[in-house]
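Here's a quick briefing to read with the model open beside you.

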Amino acid sequence: MFCAYFHDTDAEFRNTGLERAGNLTKDLAWFKEEGHFIPELLSPGIDYSLYIEELSKKDPQAFICHIYNIYFGHTAGGQMIGRKVSAKILNGKELEFYKWDGDLPQLLQKVRDKLNKVAQDWTRDEKNHCLEENEKCFKFNIEIMRLIVA
Ligand code: HEM
């Protein structure tokens, strides 16, 4: 039953229009063309992706905490950071990472509604578990940001 429930949840959050991998790939190609060195994957990113993959198989509440933080964070502070980086070091180049197909507020609202719908069926303990995962989510992501800054 748990698996059936989880696969339904998982499917809800696929192809939401917020996914960034395709756009990021285009940006990396552009950076390479510009003569920048693209580093190999390093441990903070690898650790995080392995951790998320594991959660996606066994812990829907914790996994959803990451879905919210990553996708919504990129559209909020992420866009602000992107604009500053672009103005300061990329001569105003608009990165693909900060372009979404369709109306972004609408895409976000659809995902927000789905998140609320899924969480409606959770017990208080499951909700708390999702909230507590926030600390780990920030820890992993701050490690990745440290690496970018280093
Ligand atoms: C240098 C580090 C960061 C900066 C400067 C930053 C900045 C911001 C700013 C300015 C906002 C918008 C606040 C508003 O308009 O009300 C925001 C929202 C947000 N950030 Fe960050 N942030 C950072 C790191 C992170 C990290 C590591 C995560 C999680 C992995 C994260 C997740 C979020 C989320 C979930 C929101 C709210 C999005 C929403 O309400 O739609 N941020 N951040």
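What follows covers the overall fold, the ligand shell, a surface patch and the salt bridges.

This is a predicted model, so keep the cut-offs in mind: local features need pLDDT of at least 70, side-chain atom pairs count only at pLDDT 80 or more, and totals for chains, interfaces and linings use all residues. Residues are numbered from 1 along each chain as its sequence is written, and side-chain values use heavy atoms, with hydrogens and water left out.

**Overall fold**
- The chain has 7 helices and 0 strands (DSSP runs numbered from the N terminus: H or I of at least four residues for helices, E of at least two for strands).
- Its C-alpha trace spans about 50 × 35 × 20 Å along the principal axes.
- Of the 150 residues, 32% count as buried (buried is under 20% relative accessible area, exposed over 50%, partly exposed in between, with a 1.4 Å probe and protein chains only).

**Around the ligand**
- The ligand is surrounded by Tyr68, Asn69, Phe72, Gly73, Ala76, Gly77, Met80, Ile81, Phe138, Asn141 and Met145 (each with a heavy atom within 4 Å of it).
- Two or more residues of this shell come from each of α4 (60–75), α5 and α7, and α4 gives the largest share, with 4 residues.
- By class, you get 7 nonpolar, 4 polar and no charged residues (Ala, Val, Leu, Ile, Met, Phe, Trp, Tyr, Cys and Pro count as nonpolar, Asp, Glu, Lys and Arg as charged, and the others, Gly among them, as polar).

**Nonpolar patch**
- Met80, Ile81, Val85, Ile89, Phe138, Ile142 and Met145 make a nonpolar surface patch of about 650 Å² (residues with over 30% relative accessible area and no salt bridge, nonpolar side chains of Val, Leu, Ile, Met, Phe, Trp or Tyr being joined within 5 Å and like charges within 9 Å; areas are Shrake-Rupley with a 1.4 Å probe, and for residues only the protein chains shown count as cover).
- Helix α5 supplies the largest share of the patch, 4 residues.
- Ile81 lies in α5 and is partly exposed, at 42% relative accessible area.

**Salt bridges**
- The count comes to 4 (a side-chain nitrogen of Lys or Arg within 4 Å of a carboxyl oxygen of Asp or Glu).
- Glu12 pairs with Lys117, with the closest N and O atoms 3.2 Å apart. Glu12 is in helix α1 and Lys117 in helix α6, so the pair ties together parts 105 residues apart in sequence.
- Glu143 forms a salt bridge with Arg146 at 2.9 Å between the closest N and O atoms; they sit 3 residues apart in α7, about one helical turn.
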